[in-house]
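Trainee: I'd like to learn how to read side-chain contacts and strand pairing in a model. Could you walk me through this one?

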Amino acid sequence: MQAKIFTLYLSTQTPAGSVYAPVDTVNKSIITWNINWEQLYGSITNYDDARLARVKFQLSSLSQASIYTWAGNSGVLAIQGLGNKYSNSSNGLVLGAVSPLDNPVAGNPNHILFGDTLQTPGVQMNMPAGYAPITILLLDRTGALQANTLDYQLILQFEMEDK
C-alpha cells in the first residue's frame with residue numbers, strides 16, 4: 001500500500017491572521033493552533049472512518065544563553081486534540097522526547113530545545129476532521145509545563161495509508 005504524507009509547519013512567531021497562527025503565545029509551553037484538517041489532507045470521504053495516521057515531529061527553538069537546562073527542559077512533546085485509545089486527555093498524545101542541545105553561536109554557550117522523530121515509525125493516532133484545534137505541550141520530566149520556553153518551529157508529519 002502507498003502512504004500519503006501530509007506536513008504541517010507551525011511556528012510560535014507566525015503573525016496573527018496567518019492560516020496557522022497560534023491562538024495565544026503568552027506561555028510557549030502550551031500553545032493552541034486552530035487547524036482546518038480537511039484543507040491539510042482532503043475530505044474525510046477519501047479515507048476510512050478511523051482516519052488512522054502515524055505522526056512524527058521535529059522541534060527546534062530559538063537559542064539564548066543560560067535558558068535551557070537538562071533538569072528543567074528535558075521532557076516530552078505532547079499534543080492535545082490528536083489521540084488514540086492509549087492517550088489521556090490531560091497530557092495529550094506523547095510524540096517523543098525533547099531536550100536541550102548545544103548551539104554554540106560565536107563561542108557563547110547557547111542552547112536550543114530540540115526533538116526529532118522524523119526518522120522513526122511515529123505514533124499511531126486518529127486524524128481529526130473539519131476545523132479543530134490542537135494544543136502543543138512541552139512537558140518536563142515530572143509532567144509539568146516546561147519553564148522558560150522560547151519561540152520554536154515545529155514540523156508535524158502525518159503519514160496515512162491509502163485505501
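Mentor: Gladly, and let's begin with charges: a search of the whole structure finds two salt bridges. The term stands for a side-chain nitrogen of Lys or Arg within 4 Å of a carboxyl oxygen of Asp or Glu. This is a predicted model, where local features need pLDDT of at least 70, side-chain atom pairs count only at pLDDT 80 or more, and totals for chains, interfaces and linings use all residues. Residues are numbered from 1 along each chain as its sequence is written, and side-chain values use heavy atoms, with hydrogens and water left out.

Trainee: Which residue forms a salt bridge with Lys56?

Mentor: In general, side chains of opposite charge can pair when their charged atoms come close. Here the partner of Lys56 is Glu159, with the closest N and O atoms 3.3 Å apart. Glu159 sits in strand E10 and Lys56 in strand E3, 103 residues apart. Strands (E, at least two residues) and helices (H or I, at least four) are DSSP runs, numbered from the N terminus. Lys56 is buried at 9% relative accessible area, while Glu159 is partly exposed at 22%; buried means under 20%, exposed over 50%, and partly exposed in between (1.4 Å probe, protein chains only).

Trainee: And where do Asp151 and Lys28 lie?

Mentor: Their side chains meet in a salt bridge of 3.7 Å, N to O. Asp151 is in the loop between strands E9 and E10, and Lys28 in the loop between E1 and E2, 123 residues apart. Both Asp151 and Lys28 are buried.

Trainee: How many aromatic pairs are there?

Mentor: A pair of aromatic rings is described by the distance of the centres and the angle of the planes. Rings of Phe, Tyr and Trp (its six-membered ring) pair if their centres lie within 6.5 Å; planes under 30 degrees apart count as stacked, over 60 as edge-to-face and the rest as tilted. By this rule the count is two. Trp33 and Tyr152 are edge-to-face, at 6.4 Å centre to centre and 65° between the planes. Trp33 belongs to strand E2 and Tyr152 to strand E10, so this pair ties together parts 119 residues apart in sequence. Trp37 and Phe158 have centres 5.6 Å apart and planes at 85°, so they are edge-to-face.

Trainee: Which residue in E7 stands opposite Leu59?

Mentor: Two strands pair if DSSP finds at least two bridges between them. Strands E3 and E7 pair in the antiparallel sense over three bridges, and Leu59 stands opposite Gly115. E6 and E7 are also antiparallel, over four bridges.
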